[in-house]
Amino acid sequence: MDERTQIGQRTSAIGLLFNLGLAGSKIFIGLATGAASIVGDGMNNLFDALSSVVSFATFVIAGKPSDRSHPFGHARFEYLSSFVVGLVILYVAVSLLMQGIDGIRHPEMIAMTPLSLAILLVSQVVKAGMVVYYTRVGKRIGSNVLLAAAADAKSDLLVTLAIIVALALAPLIHVATDGYLTVFVAVLVAKNGWDILKKNVNELVGTAPDEGFVSDLTERLMHYDGVLGIHDLIVHDYGPRRRFVTVHVEVDGMRTAIESHELVDRIERELSEQKDIDITIHMDPLLPQTDSIRKLQAHVLALVQQVDPGFGMHDFRVVQTSQGRKLLFDVVVPWESRYDTRKVKAELDRRMAEAFPGDEVVVTVDRDMAVRS
């Protein structure tokens with residue numbers, strides 16, 4: 001068992017114990033005083049305890065090593081379990097909403113007792129400590145599950161604070177606030193559950209990599225002597241600390257293949273250690289840029305940007321073959337533009353055939369798979 005798994009299991013176990021303690025005390029005092037909002041808050045803590053059980057099991061499964069059936073490991077299970085936590089929180093929210101509506105239809109004046117106030121205040125201190133603890137450990141080991149638990153604990157703080165304020169005010173304003181308060185609690189809990197669901201659905205479906213990560217990786221790549229440029233940077237996320245990167249690195253075409261391969265091999269090894277990633281580099285040798293090639297490249301770029309000024313171009317090459325001259329280049333279509341890339345390629349093929357009737361022109365059209373700041 002690696003250190004990350006041990007830390008995650010220990011944090012989940014601590015969260016389970018505290019949530020069970022909070023749930024038991026709140027449900028007891030809520031039933032004793034007839035405060036449905038306090039019972040609902042206790043049920044929320046009880047489901048938090050269930051989430052801690054899910055979190056514990058998650059670290060067991062996600063920490064399993066790669067195998068034949070799962071060559072990229074099991075780390076994505078953390079995203080799946082965080083999604084389940086979000087569903088559980090939404091279920092709690094619906095239950096609280098129904099309970100609150102019933103409280104509004106059949107209002108009862110609830111008095112705040114010294115014991116109930118003491119329990120709620122202690123729970124605030126405990127939950128605040130859990131927010132700090134979950135957040136610190138979650139960031140340290142890069143865990144969505146623990147960060148989701150931290151977000152849930154933050155909403156619990158607001159929920160309990162609202163209960164304290166409302167029950168304290170009820171005798172002063174002579175209004176039965178418990179039902180309305182329970183509905184308010186349900187809305188807060190539902191929002192928290194929805195945010196967790198949204199974040200982890202995006203992680204499971206696949207999102208663009210973090211801008212800071214891409215910018216830092218680009219800067220590190222360009223720092224190497226011999227790297228002339230990069231393109232087609234793609235990040236594959238298979239869960240926390242399981243990121244695979246592929247990138248095209250442009251190198252001096254006048255260097256020997258062995259020299260360029262040694263450079264690329266060193267970059268892969270060093271960046272894998274520095275960034276905790278698996279990186280595969282495709283080497284693109286560039287020939288010296290003569291004035292004629294630079295003019296030709298500028299002319300082709302102008303033709304490309306006649307279709308849309310936002311289009312980019314890279315990896316421009318001119319190759320002499322036995323059949324004649326061959327032009328090859330890639331065109332990048334921004335995500336903001338709603339073009340069909342197949343139609344863009346057809347239009348560019350037509351324009352290039354008209355502009356260079358005696359040449360073979362190979363155009364590759366794609367979208368930028370990485371986000372750069």
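I began with the contact of helix 3 with helix 5, where Glu 78, Tyr 79, Ser 81, Ser 82 and Ile 89 of helix 3 meet Asn 144, Val 145 and Asp 152 of helix 5; contact here means heavy atoms within 4.5 Å. By class I noted three nonpolar, three polar and two charged residues in the contact of helix 3 with helix 5, where Ala, Val, Leu, Ile, Met, Phe, Trp, Tyr, Cys and Pro count as nonpolar, Asp, Glu, Lys and Arg as charged, and the others, Gly among them, as polar.

For the record, this is a predicted model, in which local features need pLDDT of at least 70 and side-chain atom pairs count only at pLDDT 80 or more, while totals for chains, interfaces and linings use all residues. Residues are numbered from 1 along each chain as its sequence is written, and side-chain values use heavy atoms, with hydrogens and water left out.

**Helix pairs.** I then looked up the geometry, and found that the axes of helix 3 (residues 77-105) and helix 5 (residues 144-173) come within 8 Å and cross at roughly 20°. That makes helix 3 roughly parallel to helix 5, given that angles under 35 degrees count as roughly parallel, over 145 as roughly antiparallel, 65 to 115 as roughly perpendicular and the rest as oblique. Axes are lines fitted to C-alpha atoms, for helices over the stretch in contact, and angles run from 0 to 180 degrees between N-to-C directions. Helices (H or I, at least four residues) and strands (E, at least two) are DSSP runs, numbered from the N terminus.

I next checked helix 2 (residues 36-62), which packs with helix 5 at an angle of about 170°, their axes 11 Å apart. That makes helix 2 roughly antiparallel to helix 5. The residues in this contact include Ser 37, Ile 38 and Asp 41 of helix 2, and Val 145, Leu 146 and Asp 152 of helix 5. The contact of helix 2 with helix 5 has seven nonpolar, six polar and four charged residues.

**Sheet 1-2-3.** I found three strands forming an open sheet in the order 1-2-3, with mixed pairing; two strands pair if DSSP finds at least two bridges between them. Strand 1 (227-237) and strand 3 are the edge strands, each pairing on one side only, and the twist averages 15° from one strand to the next. Helix 8 packs on this sheet, touching strand 1, strand 2 and strand 3, and its direction makes about 155° with that of strand 3.

I also recorded that strand 2 (residues 243-252) and strand 3 (residues 278-286) pair in the parallel sense over nine bridges. Asp 252 stands opposite Leu 286 in strand 3, and Val 251 stands opposite Pro 285 in strand 3.

**Sheet 4-5-6.** Another open sheet has three strands in the order 4-5-6, again with mixed pairing. Strand 4 (312-321) and strand 6 (360-367) stand at its edges with a single partner strand each, so one side of each is left without a neighbour in the sheet. Strand 5 (residues 324-333) runs parallel to strand 6, joined by eight bridges, and Phe 329 has Val 363 in strand 6 as its bridge partner.

Last, I noted that helix 9 (residues 291-307) lies across strand 4 and strand 5, running at about 130° to strand 4, whereas helix 10 (residues 341-355) lies across strand 5 and strand 6, running at about 155° to strand 6.
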